[in-house]
Amino acid sequence: MSVSVPVPATPKSNAWPGQGPTDLGPGQNSTSVTEFILLGLTEHQELKPILFTIFLLAYVATVGGNLSLLAAILVEPKLHTPMYFFLGNLSFLDIGCITVTVPPMLEQLLSQDHSVSFASCFSQLFFFHLLACVDCHLLTAMAYDRFLAICRPLTYPTQMSRGIQGSLIGICWTISFCNALTHTVALSVINFCGPNLINHFFCDVPQLFGLSCSSTSLNERLLFVGAAFMGVVPLVLISISYAHVAAAVLRIHSAEGRKKAFSTCSSHLAIVGIFYGTGLFSYMCLDSVETSDKDKGIGILNTVLSPMLNPLIYSLRNPDVQGALRRVFMGQRPME
């Protein structure tokens, strides 16, 4: 009499593309993500060449506009002031922010392979948050500069010396580096076990939360504290600075004097409105882990539109910048 011994069935793998096995303990099997798949702006193939052309032109215009503004500030002695020193740093940040996100997005629009490695995804996340946070604090430093220039004109040269300008920039970068590193490390140690599809055109914190198979409560608290410290606190300081500026300007008897004082602040206020209006909405609304087309649109405002508009806003109503740009493009000697 023969006895048949049952052979254990081989477990069926449910791994998503870009995942490898990982051991969670005795009797437990799961998969670990080794790469993510970025779904990008659209799945419609016929739209991709159009979007590629639009965003390529936007990238060239942004980099070209900010480089032109930087060149004008560097070669024009009249623009060697604290306000334009900070503006030059803002242009550098705008070039960095759009370079971190748009060239990879352009590559995705041309390629059928939308995969991005774990390391590349978190590198993009780190540099995007680093540059965006520096932007937050730099806008605060610019508001403080306007406060000193209008409310403390007699002590302005000493209170905003070259050494203080450099110290403010150093503080902005140091705080932002610590914040970006904290978020990147805290997010990289949680478990990602599938799916690995990111419904966005770049790697960012809210979208990665939805892919985690472990608790993200600590990360969400860190993000909330970071958004408050990196977004809300600078916005409050900017508001206080401009409240003092407005009070000082209203005390000026001359209408021409009031107009000149407000004109030096209007460009900065416009950029603050665009930056914070889109940024705070993106990171304070974390109830939905699913990214919609609306969220992608907000991402485009953050990463493309705001950096592209900054040089235009600062040069549109500023005769000094316009004159400097004209001399740069025509190869004329700068005015002493």
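**Close-up views of a predicted model**

In β5, I198 is the bridge partner of L38. The model shown in these views is predicted.

**View 1. The pairing of β3 with β5.** Strand β3 covers residues 35–38 and pairs with β5 in the parallel sense. Two bridges hold this pairing in the assignment. I37 has L197 as its bridge partner in β5, and L38 has I198. Strands of a sheet pair through backbone hydrogen bonds, in either a parallel or an antiparallel way.

**View 2. The pairing of β3 with β4.** Here the sense is antiparallel, and β3 and β4 are joined over three bridges. F36 can be found opposite V116, a residue of β4.

**View 3. The open sheet as a whole.** The sheet is open and has three strands, in the order β4-β3-β5, with mixed pairing. Which strands stand at the edges? They are β4 (115–117) and β5 (197–198). Each has a single partner strand, so one side of each is left without a neighbour in the sheet. Helix α3, residues 118–151, packs on this sheet and touches β3, β4 and β5. The direction of α3 makes about 80° with that of β4.

**View 4. R146 and the residues around it.** R146 is part of helix α3. Is R146 buried or exposed? Its relative accessibility is 9%, so R146 counts as buried, the cut-off being under 20%. Leaving aside neighbours within four places in sequence, the contacts of R146 are M83, Y156, Y242, V245, T264 and C265. One of these, C265, is 119 residues away from R146 in sequence. In space, the C-alpha atoms of R146 and C265 are 7.1 Å apart.

**View 5. E220 in helix α7.** Helix α7 runs over residues 217–250 and contains E220. The relative accessible area of E220 is 36%, so this residue is partly exposed, a class that lies between the 20% and 50% cut-offs. How many residues apart along the chain are E220 and L187? They are 33 residues apart, and their C-alpha atoms are separated by 9.8 Å.

**View 6. The largest pocket.** The volume of the largest pocket is about 460 Å³. Its lining consists of 19 residues, and those nearest the pocket centre are Y84, S263, T264, N318 and D320. The elements giving two or more residues to this lining are α2 (82–110), α8 (255–284), α9 (293–316) and α10 (319–330). Which element gives the most? It is α8, with seven residues. Sorted by class, the lining of the largest pocket has seven nonpolar residues, six polar and six charged. T264, among the residues nearest the pocket centre, is also in contact with R146.

**View 7. The whole protein, for orientation.** The secondary structure comes to ten helices and five strands. The protein has 336 residues, and 45% of them are buried. Among contacts with a separation of 6 or more, 77% are between residues 24 or more positions apart.

Notes:
Residues numbered from 1 in each chain as written. Predicted model: local features only at pLDDT ≥ 70, side-chain atom pairs only at ≥ 80, totals over all residues. Heavy atoms only, no water. 1 Å grid on protein atoms, 1.4 Å probe; cavity = no way out; pocket = protein on both sides within 12 Å on 5 of 7 lines; lining within 4 Å. Points joined across faces, edges and corners; volume = space filled by probe spheres on them. Helix = DSSP H or I, 4+ residues; strand = E, 2+ residues; numbered from the N terminus. Nonpolar A, V, L, I, M, F, W, Y, C, P; charged D, E, K, R; others polar. Pairing = 2+ DSSP bridges. Contact = heavy atoms within 4.5 Å. Axes fitted to C-alpha atoms, helices over the stretch in contact; angles between N-to-C directions. Buried < 20%, exposed > 50% of the residue type's maximum accessible area, 1.4 Å probe, protein only.
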